[in-house]
Amino acid sequence: MTSATWANQVVRDQLLGSVPWAVEPKLLRQIALDDLSRFDAAMLTTRFCTFLQDGSSKEEAREHFAAELSALEETDRRDIEVLYLQDDGFEAHWGTDSAVSWVSHAADGPWRLILNPAEAKPAYGDPRPWRSHADELTDLGRHFTETAVQALRTWKPNDLYGISRATDCAGSTPCWSTCPTSHQPSKRLSGW
């Protein structure tokens, strides 16, 4: 499952978000860590748009982030260029929360069951048995937490919408903003 096709991504998303308890542990780990690598584009978008918001020109931003932009997959790079560098693109403030939005979506979507394995249950009855051991799920949760901490460091309140707390960003399930304390990577949380 290394091909970067649309169908491949759909299958990977389904395995990660819909039936993770049934996935072979090594494959689940690979899919989960590959999914987390997609955060890099959201984080770069946040940094790029914040740079623009702080008064830099589009050309200065393109030069400043040239190496990081060229390291992105073509579709991610094109998204940033089309959305934020073209004259008819979005204003930079629309991209400053990309990292927070990515983590919030991931916690409420594809990562929800990995972060909360007991929620993987049928309508009635006990939680489903997992092929992955609890310590493997905890380790994946730790990796997600490290990503969430990076996103939280970029978060800024948005007075326009009345958002003043990090949990306001998470919608109805603030799981992603609380997972740093539930998975406790104690050495990495200093300064968070």
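**Entry 1: a ring cluster.** I looked up the aromatic rings and found Phe48, Phe51 and Phe65 linked into a cluster by ring pairs. The model is a predicted one, in which local features need pLDDT of at least 70 and side-chain atom pairs count only at pLDDT 80 or more, while totals for chains, interfaces and linings use all residues. Residues are numbered from 1 along each chain as its sequence is written, and side-chain values use heavy atoms, with hydrogens and water left out.

I took rings of Phe, Tyr and Trp (its six-membered ring) as paired if their centres lie within 6.5 Å; planes under 30 degrees apart count as stacked, over 60 as edge-to-face and the rest as tilted. Over the whole structure, the search gives 5 aromatic pairs.

**Entry 2: Phe39 and Trp102.** I noted ring centres 5.6 Å apart and planes at 65° for Phe39 and Trp102, so this pair is edge-to-face. Phe39 belongs to helix 3 (residues 39-53) and Trp102 to helix 7 (residues 98-108), so the pair ties together parts 63 residues apart in sequence. Helices here are DSSP runs (H or I, at least four residues), numbered from the N terminus. For accessibility I used relative accessible area (buried under 20%, exposed over 50%, partly exposed in between; 1.4 Å probe, protein chains only). Phe39 is buried at 2%, and Trp102 is buried at 17%.

**Entry 3: Phe51 and Phe65.** Phe51 lies in helix 3 and Phe65 in the loop between helix 4 (58-64) and helix 5 (66-71), so the pair ties together parts 14 residues apart in sequence. Phe51 is partly exposed at 22%, whereas Phe65 is buried at 3%.

**Entry 4: salt bridges.** I counted a salt bridge where a side-chain nitrogen of Lys or Arg is within 4 Å of a carboxyl oxygen of Asp or Glu. The structure has 10 of them.

One joins Asp34 and Arg12, at 2.3 Å from N to O. Asp34 lies in helix 2 (residues 25-37) and Arg12 in helix 1 (residues 6-17), so the bridge ties together parts 22 residues apart in sequence. Asp34 is partly exposed at 34%, but Arg12 is buried at 6%.

I also looked up Glu68 and Arg47, whose closest N and O atoms are 2.5 Å apart in a salt bridge. Glu68 is in helix 5 and Arg47 in helix 3, 21 residues apart.

Finally, I recorded a network of salt bridges that links Arg29, Asp139, Arg142 and Glu146.

Terms used:
Helices (H or I, at least four residues) and strands (E, at least two) are DSSP runs, numbered from the N terminus.
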